[in-house]
Amino acid sequence: MPVLEVRKMSHNFGGLRAVNGYHLEIDAGQIRGLIGPNGAGKTTIFNLISGVYAPAEGEVSLNGRKVNGLPPHRIAAMGISRTFQNLLLWRHMTVVEHVKMAHYSRIRYGLAGAFFGTRKRHREEAEIEEKALGLLEMMGIRHLAGQVVLNLPYGAQRRVEMARALATEPRVLLLDEPTAGMNPEELVRIMEIIRRAHDELGLAILLIEHRLKVVMELCERIQTLNFGEVIAEGTPEEIRNDPKVIDAYLGKESLI
Amino acid sequence: MAPPTTFRTFRAGWSRVPLIGWLFGALLAVTLERLVGGPLAAAVGLPKIPALFGLDIMLKKPLLIPNAFLYVLLVYGLPMGFATRASIAPANRLAAGLLRLPITVTTFVYIVFLYVIFHVWAEVNDYRALVLKLTLIAIMFTLSLNVINGYMGEFSCSHPGFMALGAYCASVFSLGLFVDTRFFGTALLPPALGPFVFPVALLLGGLLAAAGALIVAVPSFRTRGDYLAIISLAFLFIVKSLIENLEYVRGPRGLSGQPDWANLPTVFLWTVACIWSINNFVTSTIGKALNAVRDNEMAANAMTVDTRRTKMVAFLFAAFWAGIAGGLFAHVLRYVNPGTFGIQSLAEVLAMVYFGGLNSVYGSIVGAVSISLLGEALRPLEIFKWIIIPLLLILVMIYRPTGLIAFKDVDVTALFRPRTGPDEEV
Ligand SMILES: Nc1ncnc2c1ncn2[C@@H]1O[C@H](COP(=O)(O)OP(=O)(O)O)[C@@H](O)[C@H]1O
Ligand SMILES: [Mg+2]
């Protein structure tokens with residue numbers, strides 16, 4: 001059974017059919033790519049899967065359990081985590097606080113712990129912090145743990161987002177253009193991190209990516225989206241040679 | 001433009017004084033005042049000991065301002081200056097020693113020390129004790145509002161309403177059970193029991209305020225959007241007119257004769273409890289979720305944070321402490337009427353929150369203390385007080401839009417640590 005299954009998902013914004021009959025099946029340990037020109041509906045698909053919008057039609061299920069219709073925090077707690085195309089960080093919080101926050105739904109000390117600072121709370125906060133620092137280590141930004149995110153370089157902010165998304169301990173990870181705005185050096189780093197996250201945690205990863213080099217290298221299968229519809233699906237090799245893809249997408253940006 | 005070397009070394013000296021050194025200095029000053037304050041005041045030509053560092057004299061008798069300054073210098077300035085400078089080495093050793101104890105014990109020692117200073121200072125006259133108690137209550141009131149308007153980043157106007165609920169609930173409890181009154185009949189319980197039951201009265205007041213908060217929170221936090229400001233304002237008016245029209249609590253005439261239970265140690269203890277629990281809350285991951293929701297709700301939800309639960313909990317918690325503050329307030333003044341909890345009270349507490357600094361425990365303490373003292377100092381100017389305080393607020397908003405000490409977490413270890421000098425890493 002696939003970890004994440006999306007069936008016949010469609011959504012409209014006013015008169016605009018942003019997503020039309022989208023299908024997806026990912027198994028644990030697979031990396032899938034989602035490409036397409038700007039405005040094709042890629043981010044909207046992420047928003048629908050993660051519950052930001054409830055899909056107008058279709059069904060999203062995680063390990064066979066229907067999740068569409070649930071509020072986003074519930075879906076996140078059930079195991080679908082994501083990053084955002086345009087970095088959504090919390091401007092007044094430090095790096096380690098970002099990662100700790102992702103444990104919210106699993107906190108056991110409750111309100112008594114929050115108000116009275118019980119021993120249980122201190123123990124649990126220390127555990128969360130330890131895990132968070134471990135993830136920051138894996139991302140190579142442990143030395144930035146105490147910094148407020150606002151002052152960090154772009155690449156580091158991207159990695160904070162990634163660490164935070166992993167800290168929810170997801171089974172499915174949705175990455176929305178994780179290399180946007182990065183220089184080649186940072187690009188290599190982030191690809192390495194995605195691979196490590198995949199190898200060490202065995203996640204199912206769905207990757208939206210603009211740079212074809214990245215998707216072609218990381219993904220086993222790729223979907224191409226245009227005007228909200230999947231126009232081609234296959235291995236990187238098949239996608240590269242599909243005339244429809246070249247027409248809709250690759251043609252415009254010339255094979256980078 | 002560097003200051004002269006002598007001045008720099010003079011200033012550098014102070015940066016080596018740890019907190020405990022300042023406390024010693026303050027203790028010396030207040031003890032001195034307690035012992036020789038009267039004669040000293042007479043010697044510098046003041047009719048009596050200035051109650052609030054001379055602030056209270058300045059507007060009433062401007063001619064005495066130099067005398068008041070001299071008094072403050074002699075009683076507070078010089079002894080504190082001398083004691084702190086002379087004790088740098090032992091004070092730093094003591095600070096280091098105290099930090100080796102468990103942090104709860106260390107904090108306890110500092111709090112007791114602080115209380116002793118307050119106690120000696122307030123013993124000089126009743127007015128001081130009253131101002132101190134009201135200032136402590138203002139701290140609770142301000143800090144709890146900061147949870148909503150600062151940490152949560154919403155705009156709530158109902159805080160005086162929560163305070164009113166706490167004040168009336170605690171008053172009805174204590175008057176009804178422990179005092180012979182015309183309106184509630186004879187006392188049902190022996191007054192000797194009173195002080196032990198006082199916490200129950202306050203807690204009931206806090207719980208009633210939290211229940212009131214639920215009425216505001218349910219519709220406000222149901223959907224996204226800024227409904228809170230308007231719903232909470234409506235709530236404030238409803239509470240006020242409800243009390244005004246409730247003959248059971250004597251309407252606009254108010255309730256008087258509350259037992260004298262809110263003495264300085266009681267108010268101080270509750271204030272410490274309030275600061276402690278609110279600080280616990282806002283530094284926990286559950287509390288930090290407020291900041292996450294405020295700074296970016298979509299990201300917070302994607303990280304499993306439940307917006308509605310987070311906001312509800314914080315709102316009710318804040319209202320609870322406003323209710324406790326209200327109960328104490330009623331028993332400090334031993335009189336409440338609905339007029340106290342109107343727009344003016346709202347303006348005052350908003351000024352304290354925004355002046356002191358959003359999202360900061362230190363900020364709320366500074367805001368509450370400075371606006372309370374300023375309010376007392378400006379009392380002779382009556383209505384002008386309400387021109388000067390807003391003007392000051394506007395200035396702060398222009399130069400520091402989030403307030404004096406915004407977005408700063410309390411770090412007790414840093415607060416208590418020994419100081420090595422101006423160049424140290426912070
Ligand atoms: N909240 C929204 N309201 C209205 N239109 C939207 C909204 N979000 C996205 N769209 C529209 O849906 C289409 C797909 O957008 P998006 O999913 O962001 O594209 P992509 O991520 O592939 O660049 C675009 O035409 C965009 O303008
Ligand atoms: Mg997009």
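This is a predicted model: local features need pLDDT of at least 70, side-chain atom pairs count only at pLDDT 80 or more; totals for chains, interfaces and linings use all residues.
Two strands pair if DSSP finds at least two bridges between them. Helices (H or I, at least four residues) and strands (E, at least two) are DSSP runs, and they are numbered from the N terminus. I start there since the opening part of this talk is about strands.

Residues are numbered from 1 along each chain as its sequence is written, chains are lettered from A and ligands numbered from 1 in the order in which they are written, and side-chain values use heavy atoms, with hydrogens and water left out.

Now the sheet in chain A. Four strands make an open sheet in the order β2-β1-β4-β5, with antiparallel pairing. β2 and β5 (65–66) of chain A are at the edges with a single partner strand each, so one side of each has no neighbour in the sheet.

Take the pairs in turn. β1(A) and strand β2 (residues 16–26) of chain A run antiparallel and share 7 bridges. What do β1(A) and β2(A) form, with 2 residues between them? They form a hairpin, and A:Gly14 in its turn has a positive phi of about 60°.

On to β4. Strand β1 (residues 4–13) of chain A is joined by 5 bridges to strand β4 (residues 57–62) of chain A, again antiparallel. Here A:Val6 stands opposite A:Val60. β4(A) then pairs with β5(A) over 2 bridges, in the antiparallel sense, and A:Leu62 has A:Arg65 as its bridge partner in β5(A). As a general point, side chains in a regular strand alternate between the two faces of the sheet.

Next, the domains of chain A. Bounds here come from an automatic or database domain assignment. For chain A the assignment gives domain 1 (1–79 + 171–203 + 211–256) and domain 2 (88–169). Their C-alpha centres lie 26 Å apart. Contact (heavy atoms within 4.5 Å) involves 20 residues of domain 1 of chain A and 11 residues of domain 2 of chain A. Buried area is the accessible area (1.4 Å probe) that two parts lose on being put together, summed over both. For these two domains of chain A that is about 1300 Å², 70% of it on carbon and sulfur atoms.

How many salt bridges cross between domain 1 of chain A and domain 2 of chain A? The count is 0, where a salt bridge is a side-chain nitrogen of Lys or Arg within 4 Å of a carboxyl oxygen of Asp or Glu. α7(A) gives the largest share of the domain 1 side of this contact, 9 residues.

Now chain B, which is assigned domain 1 (5–122) and domain 2 (126–414). The contact takes 18 residues from each of domain 1 of chain B and domain 2 of chain B. These two domains bury about 1600 Å² between them, with carbon and sulfur atoms giving 81%. B:Leu52, B:Leu59 and B:Tyr115 supply 33% of the area that domain 1 of chain B buries there, more than any other three residues. The count between the two domains is 1 salt bridge. The side chains of B:Arg128 and B:Glu33 meet in a salt bridge at 2.9 Å, N to O.

Last, where the chains meet. The contact takes 30 residues from chain B and 34 residues from chain A. The buried area is about 2800 Å², 70% of it from carbon and sulfur atoms. On the chain B side, B:Thr285, B:Met303 and B:Thr304 lose the most area, together 26% of what that side buries. Across this interface there is 1 salt bridge. A:Glu97 and B:Lys288 form a salt bridge, their closest N and O atoms 3.2 Å apart.

That is the end of the tour.
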